[in-house]
Amino acid sequence: MPKSAPRIILTTGGTGGHVFPALAVAEEIKRLYPAAKILFMGGQYGKESGWANKAGLEFVGLPVRGMIGRGFKAIAAAGNMICAVFQAVKIIREFKPDVVAGFGGYAAFAGVMAGAVCRCPVMIHEQNAVPGAANKLLGKVAKKICLSMPESAAYFAAGKVVATGNPVRS
């Protein structure tokens with residue numbers, strides 16, 4: 001009996017630098033596994049929903065905002081992040097992904113953390129030489145950490161990292 005189509009959650013947002021590598025991975029997954037089920041999880045306030053929809057991906061938005069450098073607004077952002085993790089847990093339990101893949105930025109935090117809480121395999125991809133706060137934290141729960149730049153390996157546990165380069169769309 002053939003293996004069922006993979007079910008994958010890709011999560012990121014905020015900037016194109018995070019979103020476009022995730023979209024490139026989605027494109028390649030669909031090329032290799034046309035029946036794959038891909039859910040794109042991002043922030044409900046950013047441009048990622050439009051980019052995901054344009055790529056033909058189902059999108060779910062979470063009420064997340066960045067916290068660093070926001071002063072008192074960071075308190076509300078932290079509360080929203082906690083709510084978003086709970087929402088993402090519910091989504092993961094319903095979608096039942098084979099893997100949750102985060103591509104950095106504050107918008108990836110809730111999805112990847114929820115994947116870890118649900119004991120789903122999680123991985124992250126770091127595009128930058130110096131990882132952001134979200135990926136530094138998520139690197140502790142990720143099973144694998146894919147890197148665009150080998151020098152960023154110094155920020156993560158050695159046994160988890162693999163240099164993959166930066167995914168680009170065809």
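How many strands form the open sheet, and in what order do they lie? The points below take this up for a model that is predicted.

1. **The sheet.** Seven strands make up an open sheet, arranged as S3-S2-S1-S4-S5-S6-S7, and the pairing is parallel. Its edge strands are S3 (58-62) and S7 (161-163), each of which pairs on one side only. Neighbouring strands of this sheet are turned against each other by 25 degrees on average, direction ignored.

2. **S1 and its two partners.** Strand S1 (residues 7-11) runs parallel to S2 and is joined to S2 by five bridges. Within that pairing, threonine 11 has methionine 41 of S2 as its bridge partner. From S1 the chain crosses through helix H1 (residues 16-32) to S2, and this β-α-β crossover is right-handed. S1 is also joined to S4 (residues 99-102) by four bridges, again with the strands running parallel. Here leucine 10 stands opposite alanine 101 in S4.

3. S2 pairs with S3 in the parallel sense over five bridges. S2, helix H2 (residues 48-54) and S3 together form a right-handed β-α-β unit. S2 itself is mostly covered, with six of its seven residues buried.

4. S4 and strand S5 (residues 122-126) pair in the parallel sense over three bridges. Valine 100 has valine 122 in S5 as its bridge partner. S4, helix H4 (residues 106-117) and S5 make a right-handed β-α-β unit. Further along the sheet, S6 and S7 pair in the parallel sense, also over three bridges. Cysteine 146 has valine 162 of S7 as its bridge partner.

5. **Helices on the sheet.** Helix H3 packs on the sheet and touches S1, S2, S3 and S4. The direction of H3 makes about 175 degrees with that of S2. H4 packs on the sheet as well, touching S1, S2, S3, S4 and S5. The direction of H4 makes about 155 degrees with that of S4.

6. **The nonpolar cores.** The largest nonpolar core has 27 residues, and those touching the most other members are Ile9, Leu62, Val64, Val100, Ala110 and Ile124. At least two residues of this core come from each of strand S2 (37-43), helix H3 (73-95), H4, S5 and strand S6 (144-147). H3 gives the most, with eight residues. There is also a second, separate core of 17 residues, which includes Ile8, Ala26, Ala52 and Phe59.

7. **Isoleucine 9.** This residue lies in strand S1. Isoleucine 9 counts as buried because its relative accessible area is 0%, under the 20% cut-off. Leaving aside neighbours within four places in sequence, isoleucine 9 is in contact with Leu39, Met41, Ile92, Phe95, Pro97, Val99, Val100 and Ala101. Isoleucine 9 and glycine 111 are 102 residues apart in sequence, but their C-alpha atoms are 8.3 Å apart in space.

8. **Valine 100.** Not counting residues up to four places away in sequence, valine 100 touches Ile9, Thr11, Ile92, Gly111, Val112, Gly115, Cys120, Pro121, Val122 and Met123. Among these, Val122 is also the bridge partner of valine 100 in S5.

9. **Cysteines.** The structure holds zero disulfides. A disulfide is a covalent bond between the sulfur atoms of two cysteines. As for accessibility, cysteine 118 counts as partly exposed because its relative accessibility is 23%, whereas cysteine 120, at 9%, counts as buried.

Notes: Residues are numbered from 1 along each chain as its sequence is written. This is a predicted model: local features need pLDDT of at least 70, side-chain atom pairs count only at pLDDT 80 or more; totals for chains, interfaces and linings use all residues. Side-chain values use heavy atoms; hydrogens and water are left out. Two strands pair if DSSP finds at least two bridges between them. A crossover is right-handed if, with the strands pointing away from the viewer, the path from the first strand over the helix to the second runs clockwise. A nonpolar core is a set of buried Ala, Val, Leu, Ile, Met, Phe, Trp, Tyr and Cys residues joined through side-chain atoms within 4.5 Å. Buried means under 20% relative accessible area, exposed over 50%, partly exposed in between (1.4 Å probe, protein chains only). Contact means heavy atoms within 4.5 Å. A disulfide is a pair of cysteine sulfur atoms within 2.5 Å. Axes are lines fitted to C-alpha atoms, for helices over the stretch in contact, and angles run from 0 to 180 degrees between N-to-C directions.
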